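Reader: Before we look, could you take me through this model feature by feature, giving the general idea and then the case at hand?

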Amino acid sequence: MRDKNVRPTEMIYLDNNATTRVAPEVFEAMRPYLTEIYGNPSSAHSLGREMKSAVESAREQVAQLLGATDTSEIVFTSCGSESDNWAIGGFLEQNPTRRHIITTRVEHEAVRNLCEHLAELGCEVTWLEVNRNGELDLDHLRKALRRDTGIVSVMLANNETGVLFPIAEVGRIVRENSDAVVHVDGVQAVGKIPIDLSKLEVDLFALSGHKFHAPQGIGALYIRRGVKLPPFIIGGGQESGRRGGTSAVPNIVGLGAACELAKNSDNQGIRSLRDKLEDQILSKIPNALLNGAPDREQRLPNTSNIAFEYVEGENILEHLNKAGICVSTGSACHSTTHESSPTLRAMNVPYTAAQGSIRFSLGRYNTPEEIEYTLNVVPGIIQKLVEMSPYDKELRVLYSARG
Ligand code: PLP
């Protein structure tokens, strides 16, 4: 067992919302397709047919994990960003008169920056607000829907805070009040919570393999039967003519294997480690505050975004890195502006807290010893930075009130 005071020889990886390690089971499933089995799945000979059959098995595995009713609803892409771009951009290309888009202020850049770009091109975008806990305002959605609303894009789980959006209700509201299609960015949710698209009013759903132990460079877009999108890549007719380009068979096989792994994991171990980490940091450190819904049922089981008021997130990250722990900041510091993340700003997290926000995102390979060690080093690092903080008056008040 690791001594909780000694820096580990391997880094402790608490940044699983950024990317995940390829699971050994996934690698083993991919290995033959990187070594002895090869061929182009579009070729008519037996080697090609073997590759094609591997692609179709993986499509089945993805469809099963998502609760898609038909495997033809799954199209392989290169990543989550591509799936999001294709869903929204493709819908608008197909329906050029329905140029009103509804989305939220806290989407990942793959949706947010795309919608900003589309606004510059003449689309009208309504940005739905969230409250201080990062929860969505459904009344705002109801009121925003119009006859010309083409697409509503709402993420299932927020990448920074882990807050879950009520997609079932979003789908119902959209269906009852408009003809808009519903796009869901499910990139952070797949592999972390159960998903059953057969029970949801969702037309388009994006996922990304590297967020749940498949390799980087593979994603998928679920396109509900009957929903029409133009091809994302015009080419040799692969993916039923919807996305040209020779299929990345090893990666596709890896994605299928990751879906299989996810189907058989309940993430309870991750949840209890996350709960312990969060509880102890919040109770031991007077200037620590949770960003996101306090009700953990409203959040992913692996994510804890904690603001350490009046200290710099980048400094915390550096000190944790030196201590052997990988995390992310919530402050996505743009070197010139030092703006905090749009998600935390949309939640009205004060600047002095947003700047000191750290995202801890756990995964299937984290151990209780790693969390013990982390809990042992975080208070000391924060204490050191508190002593250096220019906000000494504010911190003294906090420490005497909460300490
Ligand atoms: N959507 C969300 C919510 C994400 O967290 C990410 C990646 O962080 C993406 C989309 C983009 O996925 P990819 O990195 O596969 O392009």
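Reader: How much space lies in the largest pocket?

Author: A pocket is an open set of points on a 1 Å grid over the protein atoms alone, where a 1.4 Å probe fits, with protein on both sides within 12 Å along at least five of seven lines. Here about 520 Å³ of space lies in the largest pocket, a volume being the space filled by probe spheres set on the points, which are joined across faces, edges and corners. This is a predicted model, in which local features need pLDDT of at least 70 and side-chain atom pairs count only at pLDDT 80 or more, while totals for chains, interfaces and linings use all residues. Residues are numbered from 1 along each chain as its sequence is written, and side-chain values use heavy atoms, without hydrogens and water.

Reader: Which residues that line the largest pocket are the closest to its centre?

Author: Lining residues have an atom within 4 Å of a point; of the 29 here, the closest to the centre are Leu-164, Lys-192, Ile-193, Pro-194 and Ile-195. Helices α2, α6, α7 and α8 each supply at least two residues of the lining, where helices are DSSP runs of H or I with at least four residues and strands are runs of E with at least two, numbered from the N terminus.

Reader: In what order do the 4 strands of the open sheet stand?

Author: Strands of a sheet pair through backbone hydrogen bonds, either parallel or antiparallel. Two strands count as paired if DSSP finds at least two bridges between them. The order here is β9-β10-β13-β12, with antiparallel pairing. β9 and β12 stand at the edges with a single partner strand each, so one side of each is left without a neighbour in the sheet. β12 pairs with β13 over 2 bridges, and the bridge partner of Ser-328 in β13 is Arg-359.
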